[in-house]
Amino acid sequence: MGIGRVPERIVVIGAGMAGVVCALELMKQGYNVRLLEASSRPGGRIYTMRDQFADGMFCEMGAAFIGAHHFLTLSYAQQVGVQLINLPVPNRSLSYINGRLIIDSPDEPAVWPVSLTAEERILGYAGMLEKYLKPGLKAAGNPFLPGWPTKHAIQLDSMTMEEYLKGQGASSGAIKLFEMGYMQMLGDGIRKVSALHRLLDLTMVSSERNTQTIVGGMDQLPKRLAITIGSNISYGCTVTHIEHSNKEVTIHFNHSGEAYTMCCDRVIVAIPSTVLRTIHFSPPLSKEKNDVIQNQLSTSVTRTVIQSRTRFWHNLSSFTAVNTDLNIGWLLDATFTQTTSRRGLICSYSSGESARELSRAGNYNSAVSEIKQVLPELSYNYEGGTVFSWDHNPYSRGAYAWYKPKQMIRMLPTLSAAQGRIYFAGDNTSLFPGWIEGAISSALRTVDQIISSNTV
């Protein structure tokens, strides 16, 4: 910043993980930072729901896992001293398909009720994943190396994941199996999403080592980071308008029904494109910048959580997750790390059109009846539940960004580029939307942009 100069005033908009990390790192560098958050809590789409359930149980509505190679996330978790716990690695997987519960394990491979080729039947589910995904994961390349995107990456970005799988020789039966569970959770599923985006996202999950979660709830990470930022955060501040010139930036925001303004040297916008669209810029952002903000897509995610009187599923080969072909999508035991109650929570993680259907229903009855199809014993154990739609959350208006073919490589450089004194952070500006790792990497990139613009 130069000797004897007054510290620059920087306003950060949005106290999700990206905004919180931007604020912290700039404060360490001696900047004068204010963080404005529209809601009443930090963390954004890290949201641990605590008040709806008995016995102190809680459920993650947003980010739930940290991969073994998410080094930035692990480093901040270590800095604030949260305790991590490994997710159990089940020795068998459960799927509910065509009305039947199918158990698949290395000792007893499942007989899948879909038409597969003779080779696919021999390979089994894990073998098919390996055969069909490995070439694509290799072709996607390492986006952190110079020369990326390679011509292979550009080629993958020009097709859907379904087209890629067909090109690898996957049968329609195999594709139906891949349309259940994790592979389906980006955007509107593998028939719509860019193959490059789908494959890059898989690298965030695939690791030989364990995936972890935070003991006592994921929200402890942003909460502890926010405590370090202290009174520099203001909650309940909704930004409406940003005026900018080559000298300064003026932020207009509402707080408890009154209009305020705040002047600063630079602003970091760390909110999703879906919400950024509601802020008025004068002068307007460049046409290219505005186009990507208007057109970036967001995945619909609905989570339905059901409270059960007992954890009856412990007789069910220790159920941690069931992939289903129903609207409820992916079912998981949300309380596997919570041991103080004999009650349990079952969470349905639904995305895309299924998520929109469940949230249109307006109640969780249709979800409950689907969960009962998969786990009939729920009928005797059911104690109530709650449904949460990210589409209807005013601070996110969707869950995480996704790309159709030919969007990712074209949009990303524009999404992450600064414009004058305005900078853009958030997992939607990173290579890994939907991951804390993506949010933090976007924050560190933005902090670098600001520091390097000051040393010129």
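The model is predicted, so local features need pLDDT of at least 70 and side-chain atom pairs count only at pLDDT 80 or more, while totals for chains, interfaces and linings use all residues. Residues are numbered from 1 along each chain as its sequence is written, and side-chain values use heavy atoms, leaving out hydrogens and water.

## Two nonpolar cores

A nonpolar core is a set of buried Ala, Val, Leu, Ile, Met, Phe, Trp, Tyr and Cys residues joined through side-chain atoms within 4.5 Å; buried means under 20% relative accessible area with a 1.4 Å probe, protein chains only. The largest one has 84 residues, and Ile251 is among those with the most contacts inside it, as are Ile13, Trp112, Met161, Leu165, Leu177 and Ile242. Helix H7 (residues 195-205) gives the most to this core, six residues. Another core lies apart from it, with 39 residues including Ala18, Ala63, Tyr76 and Ile233.

## Where H1 meets H15

Helices here are DSSP runs (H or I, at least four residues), numbered from the N terminus. The axes of H1 (residues 17-28) and H15 (residues 436-455), lines fitted to C-alpha atoms over the stretch in contact, come within 8 Å and cross at roughly 40 degrees.

On the H1 side, Met17, Ala18, Val21, Cys22, Glu25 and Leu26 take part, meeting H15 residues that include Ile436, Ala439 and Ile450.

Methods. Buried < 20%, exposed > 50% of the residue type's maximum accessible area, 1.4 Å probe, protein only. Helix = DSSP H or I, 4+ residues; strand = E, 2+ residues; numbered from the N terminus. Axes fitted to C-alpha atoms, helices over the stretch in contact; angles between N-to-C directions. Contact = heavy atoms within 4.5 Å.
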